[in-house]
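The following exercises are each set out as a task and a worked solution.

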Amino acid sequence: MSLLKIEGLDVAYGSSAVVHGVDLEVGRGRRVAVVGASGSGKSTTAAAAIGLLPGRGRITGGRVLLDGEDITPALQGKDERRVRRLRGRQIGLVPQDPMSNLNPSARIGRQVAETLTVHGLARGAAARSRAVELLEEAGIPDAARRAKQYPHEFSGGMRQRVLIAMALAAEPELLIADEPTSALDVTVQRQILDHLERLTAARGASLLLITHDLALAADRCDEVVVMSEGRVVETGQASRVLREPAHEYTQKLVAAVPGFGAARAEVAETREVLRVENLVKEYRVRGRRERMRAVDDVSFVVRAGTTTAVVGESGSGKTTTARMVLGLETPTSGRVVLDGGRRDMQPVFQDPFGSLDPTKTVERLIDEPLRVFSVGDGRSRRERVGELLDQVALSRSLAQRRPVELSGGQRQRVAIARALALNPKLVVCDEAVSALDVLVQRQVLQLLERLQVELGVSYLFITHDLAVARSIAHDVLVMRRGQVVEAGKISDVFDNPQHPYTRELLSAIPGRAA
Amino acid sequence: MSAPVVEADLGSSRGRVLRHLLHNKLGVAGGVALLLVAAAALLAPWIAPYSPTQVHFETPLQQPRTVGFPLGTDDLGRDILSRILYGTRASLQVGILAVALSIVVGAPLGLAAGYWRWLDGIVSRLTDLTLAFPFLILAVGLAAIRGASLSNAAIALGIAHVPQMIRVVRAETLRLKGAEYVLAARSLDASGVRILATHILPNAVPSIIVQATVIMPAVVIGEALLSFLGLGIQPPTPSLGIMLSDAQQYIFRAPYAALLPGLAIMVICLAFNLFGDALRDALDPGGHR
C-alpha cells in the first residue's frame, strides 16, 4: 500500500479552481517529484496535502489518503488536532525560502529543540542535545557550537540544512520538500540534495519533491509527475519521462531544458565593442579594517555580434561587474572602454515585475530612451515603438497596456524592445531570463539569438545558470569571489574545463550526469 | 511556497484598487462619511438655514429640535447647525491648504533627500529642527507677526506637518531608487530630475495620498485647537474650535452647544482616518492578504 495517495484532488482559492482532479501516489521509501511551471498547481497540491493552503484556499473535491486513512476531512478544517499530529510527526515539510523560515531572534539550537518539544518527543536538556545531534546529521559541522548561533550567522545552504533537520526531527514517514534549493547556488544545491537523499534513505522515509526543474527531478527521484495548469499531464519513471516524454507539454518541457541542445556556432573574429581592463571594485565593510574586493582585476572583451557570458554563483562579483560596465557604479580602478557613447549600451534586468515602471504604458516604457535622447518627434517615435514591438514578437495592440496586464515573458520582451530602441551595439543582460519559467525562458533566449543575427547586436550576458550560458554565449568568463577563474570559448570551457571550480560547477548542473 | 497565480486577475490596477476599496466595509463607511462632510462644506451657503453670524437675541440657548433651529442655538441665539456647516467648511479649507503646503514643500524635499545622498544630511537635520520646534510657539509667533487668521493657521499647520511628508517621500524614494526601471533609466544617463519626475514621483503618489489622509485629520484638530486659543480663525467667522471655546462658559446649561461641534470634529477625523486606512490597504494589498 502506498504511503500517500491523492485521488482526484480539486483545490480552489475563493471561487477560482486552481487544481483539477490531481492523482498522485507516493510509495513507502520512494522518491517522487512533482514538476511544473509557476502557476501549475504543484505547490498548491503539496500545501493541500499537509493542510497549509494559504488564504481562502480549500479542498473542494477528491481524497487524500495517508497510510490508508482518509485525512481529507481533517485537512478541510474539520479536525485541527489530527492535522497538527500529521504535520511533523507523519509528514515533514522543507520550505522553499531558508531566509524567511527561521526566527531571526532565536538561537538555531533552540528552534530545533522547540520542534521536538512541540511534538512531545523530548524536553529540556534532552531536547537540546538531540537538537545538536540532528544538526550534525543534517551536515552542519561543529554543531554544538553552531547551535548557539543565530540564523544571520548561517549561510543560505546552512539554513536550509537547519530546516531539513527540523523537518526530520520527529522522524516523519514522508518528507515534502517544496523547491528546497531554488534559492541556492548550484554547488550548494547539489550538496543539500545529496544530503536530503542520504537522510531520507537512512530513515526509510519517502520524499515528495516539488520543483520547476525537470532535470533535477529526473536526477533525484524515482518517479516524476508533470503538472500543467492545475492538472497532471504525465506520470512515470523519471528516466523514461526525460528520455521519451509522452505528453506534448512534457516534450516541450524537455526540449526547453537549456544545455541539452548544441552550443552556438562559432563566429569569425570581429571588432571589439566593449573592452574591460583590470576592473576593481572595493567596498568598505562595516566594523572591519580591510576593504572587501567585490571585483578583483577583471578583464575581458565583447566582440561585435557575439555574446560573452559571465557566469558565477552569488557573491562572485558578476552583477557588480555588470553595473560598473553600465556606469551605475564607479570602479575603484580599471577601465571600461565602449565603442561609442552611452546610448550604444542598454540594460535588460532580471525581474520581469520590477524592471518596468508600473505607472507607464508599454509605449511610454519603450520610447523612454528616445525621449531621453530627444530622438524624433511624437509620430516617428510611435512608429519606432511599433517596429520594436514587431521585432520582439509582441502585438502592436499591447502598446497602451500597463505592465500589470502583461505576463512575465511579455514584460521581458518589452524590456528587450526598450533596450533596442536606440539601436545599441551592446545589451547588458543581468540575469535576464533567470526569473522566467523554462518554456518562456527558452522563447526569450531564442528571441535574443534571432535579434543578434538580425541586428548584429552584442550581449554581455550575466547569469548563474551555466546551461543558459551554454545555449546563448560564444565566450564565457567564470567568476568566483571577484576573480575570473577561467575564460575562453564556450565549447572549450564546457568540454574541457581547466579550473577545478569550473569542473565543480559543471558537474553540479542537474541532468548532466545522467 | 510560491503563491498561486490567478490568471484572471490581470485587470487594470485602478480597477483592482477600487474593487479592494469596495470590499472594505469600514473604508466604504469612511468614504460615505467623507462625501457627506465634503458636501456639507461645499454646499454650506445653500443648505444652511441661516447665516452663521445672524444673531437671534430673543431665542438664545435653545435646545436641539426646537422649531426653526434643528440643532438649537448658542448664547447669542445663532443657529448651531448653520455654524457647524460653515465651521466644517473652514476646517476643510484650512485642512486642504495645510496639506497642500506640506505636499508642495515636503514632496520635493523628500524626493531630493532620498535621491541625492549629500542632500540627505542637510534635509534630515532641517526636518529634525522643525520637529524639535514646538508647533504652538510657531503658531503664536506667526499669529503675532502676521495676525491671527485662517491662512496663517493653515501655514503654521502646514509647516508643522512638512517633516512627516518629507520622511514618507524620502523613504519611498530610497525604496524606488533601487528599482530596476530606475537603474535602466540611470544607465541611459537620464538626469536625476528627469528620473524623479517620470519614475519616482508617479510611483510615490499613492504613499503621498495616504499620508495626506493622515495629516488631514491632524490639521482639522490643529485648526480647532488654534481657533479655540484665539490664534486661528477670528470671530465672528464660525469655526468648530471657536464654537467649542464659546460653549465652555455655559457648558452645564447647554452641553449640546459644545458636544455638537465636538462631534462634528470627530466625524470629520474619523471619515479621513477610515478612508485613509482602507486606501492604504487597497494600494498595498500584499501586506494583508
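**Exercise 1.** Determine how the residues that line the second largest pocket divide into nonpolar, polar and charged.

*Solution.* Step 5: the space in the pocket is about 580 Å³.

A pocket is an open set of points on a 1 Å grid over the protein atoms alone, with protein on both sides within 12 Å along at least five of seven lines; a cavity is a set of points where a 1.4 Å probe fits but cannot get out, and lining residues have an atom within 4 Å of a point. Grid points are joined across faces, edges and corners, and a volume is the space filled by probe spheres set on the points.

The model is predicted: local features need pLDDT of at least 70 and side-chain atom pairs pLDDT 80 or more, while totals for chains, interfaces and linings use all residues. Residues are numbered from 1 along each chain as its sequence is written, chains are lettered from A and ligands numbered from 1 in the order in which they are written, and side-chain values use heavy atoms, without hydrogens and water.

**Exercise 2.** Identify the residues that line the second largest cavity.

*Solution.* Step 2: its lining consists of A:K360, A:R364, A:L365, A:E368, A:R371, A:R418, B:R194, B:T198 and B:H199. Step 3: two or more of these residues come from each of α13 (362-372) of chain A and α8 (192-228) of chain B. Step 4: α13(A) contributes the most, with four residues. Step 5: sorted by class, the lining has one nonpolar, two polar and six charged residues.

**Exercise 3.** Find the aromatic pair of the structure and describe its geometry.

*Solution.* Step 1: rings of Phe, Tyr and Trp (its six-membered ring) pair if their centres lie within 6.5 Å; planes under 30 degrees apart count as stacked, over 60 as edge-to-face and the rest as tilted. Step 2: one such pair occurs over all chains. Step 3: the partners are B:Y115 and B:W116, with centres 5.3 Å apart and planes at 85°, hence edge-to-face. Step 4: B:Y115 is buried, because its relative accessibility is 13%, whereas B:W116, at 27%, is partly exposed (buried is under 20%, exposed over 50%, partly exposed in between, with a 1.4 Å probe and protein chains only). Step 5: B:K177 lies over the face of B:Y115, at 6.0 Å from the ring centre; the criterion is NZ of Lys or CZ of Arg within 6 Å of the ring centre and within 35 degrees of the ring normal.

Technical notes
Ala, Val, Leu, Ile, Met, Phe, Trp, Tyr, Cys and Pro count as nonpolar, Asp, Glu, Lys and Arg as charged, and the others, Gly among them, as polar.
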